[in-house]
Amino acid sequence: SVPASIASALSAGARRGLLMKGGEVIEAAARVTRVAFDKTGTLTHGKPAVTDIVTLGSATEAQVLAVAAGVEGGSSHPLALAILRRAEADKITALPSREAKAIVGKGVEAIVGDAKAWVASPKFAMDAGALDGLGLRRATQLEDEGKTVVVVYRERQGLGLIALRDEPRADAAEAVRQLRKLGITPVVLTGDNPRTAAAIAGGMGLAYRAEMMPEDKLEEIRKMSEAGGVMMIGDGINDAPALKQASIGVAMGSGTDVALETADAAILRDRVTDVPGLIRLSRAAMANIR
Ligand code: ADP
Ligand code: MG
């Protein structure tokens, strides 16, 4: 049977939009010493907006958007949705595409017209030989401004860069402060590049690990777990393995169903300060048992 203090913490949590899948979650949350945050959709709103479109070679802005929207048409990634919103706002029709495939943590490819086209990270585009030194420097400048940059290219021809900015949640810095006060070390794990990560995480005084593929996040959580309880907060499909590996996986409520299914707890109101809140609630419940 569940001790009364745990049962009442579970229901007190539920009233505040903190859903926990059982009393073990309270026990584990009380023992957590580190918290790993995904960046996109967790520390930030996960609603990036297009801020800059830079054309490469002889492409026009309209062509860049038409190809990008075609490639991203079937994707539900936050970057894809932002690009589609911008194309719609600019009244640009997406070029028809087929056989779209996500390259997890890197981008999307599809066949547009009779050629393969991509919307992908500058690193991936560089490796594919589709981004030259000049394009890379421009991408780097935009990333230093805290923006995420994707490269739009067809075959190996760079068409343009699209920069997107995803604003930090208003209470993220406060949540980090509260976690420190609880003696907990917070860290950000992100698939984004180190410059964007530095601009966002550094602004909150947070340590970060960038360019992490889903399996890297998993491995990092595994390593962190050797030194004590780790809570992982995430939203995306690609966070599911890391959420599962952590002592406690917590899904942000507006995240995907996969994250919600895998997680041990969910924060329904998208408040980052609910993370230290959950830990305080759990510690108080456990203190009442002992
Ligand atoms: P995060 O860990 O910040 O949630 P993701 O792992 O989802 O990031 O994505 C990492 C990077 O992969 C993005 O910054 C982007 O460069 C690229 N990427 C992923 N999905 C897409 C997409 N649908 N369109 C363009 N780029 C993408
Ligand atoms: Mg994500």
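Into which domains is the protein chain divided?

1. Domains and basis. The protein chain splits into domain 1 (4-45 + 168-289) and domain 2 (49-165). These bounds come from an automatic or database domain assignment. The model is predicted: local features need pLDDT of at least 70, side-chain atom pairs count only at pLDDT 80 or more, and totals for chains, interfaces and linings use all residues. Residues are numbered from 1 along each chain as its sequence is written, while chains are lettered from A and ligands numbered from 1 in the order in which they are written.

2. Domain contact. The C-alpha centres of domain 1 and domain 2 are 31 Å apart. Contact involves 12 residues of domain 1 and 12 residues of domain 2; two residues count as in contact if their C-beta atoms, placed from the backbone, lie within 7 Å. On the domain 1 side, α3 and α9 (194-203) each supply at least two residues. The largest share of that side, 4 residues, is from α9. By class, the domain 1 side has 4 nonpolar, 6 polar and 2 charged residues. Here Ala, Val, Leu, Ile, Met, Phe, Trp, Tyr, Cys and Pro count as nonpolar, Asp, Glu, Lys and Arg as charged, and the others, Gly among them, as polar.

3. The sheet. An open sheet of 6 strands runs in the order β3-β8-β7-β6-β5-β4, with antiparallel pairing. β3 (49-55) and β4 (97-103) are the edge strands, each with a single partner, so one side of each lacks a neighbour in the sheet. Neighbouring strands are turned by 20° against each other on average, direction ignored. Two strands pair if DSSP finds at least two bridges between them. Strands (E, at least two residues) and helices (H or I, at least four) are DSSP runs, numbered from the N terminus.

4. Strand pairs. β5 and β6 pair antiparallel over 6 bridges. I111 stands opposite K116 in β6. The hairpin of β5 and β6 has 2 residues between the strands, and G113 takes a positive phi near 65° there. Next, 4 bridges join β6 (residues 115-120) to β7 (residues 148-154), also antiparallel. A117 stands opposite R154 in β7.

5. Helix on the sheet. Helix α5 (residues 78-89) packs on the sheet and touches β3, β5 (107-112), β7 and β8 (157-165). The direction of α5 makes about 75° with that of β3. Axes are lines fitted to C-alpha atoms, for helices over the stretch in contact, and angles run from 0 to 180 degrees between N-to-C directions.

6. Helix pair. Helix α2 (residues 23-30) and helix α13 (residues 274-289) pack at about 100°, with axes 8 Å apart. α2 and α13 are therefore roughly perpendicular (65 to 115 degrees). I26, E27, A29 and A30 of α2 meet L278, I279, S282, R283, A285 and M286 of α13. This contact has 7 nonpolar, 1 polar and 2 charged residues.

7. Ligand 1. Which residues are closest to ligand 1? They are T40, H77, G105, S121 and G191, in a shell of 22 residues. A residue is near the ligand if its C-beta atom, placed from the backbone, lies within 6 Å of it. α3 (39-43), α5, β5, β6 and β7 each give two or more residues to the shell. The shell divides into 6 nonpolar, 11 polar and 5 charged residues. Domain 1 and domain 2 each contribute at least three residues to the shell around ligand 1.

Technical notes. Parallel < 35°, antiparallel > 145°, perpendicular 65-115°, else oblique.
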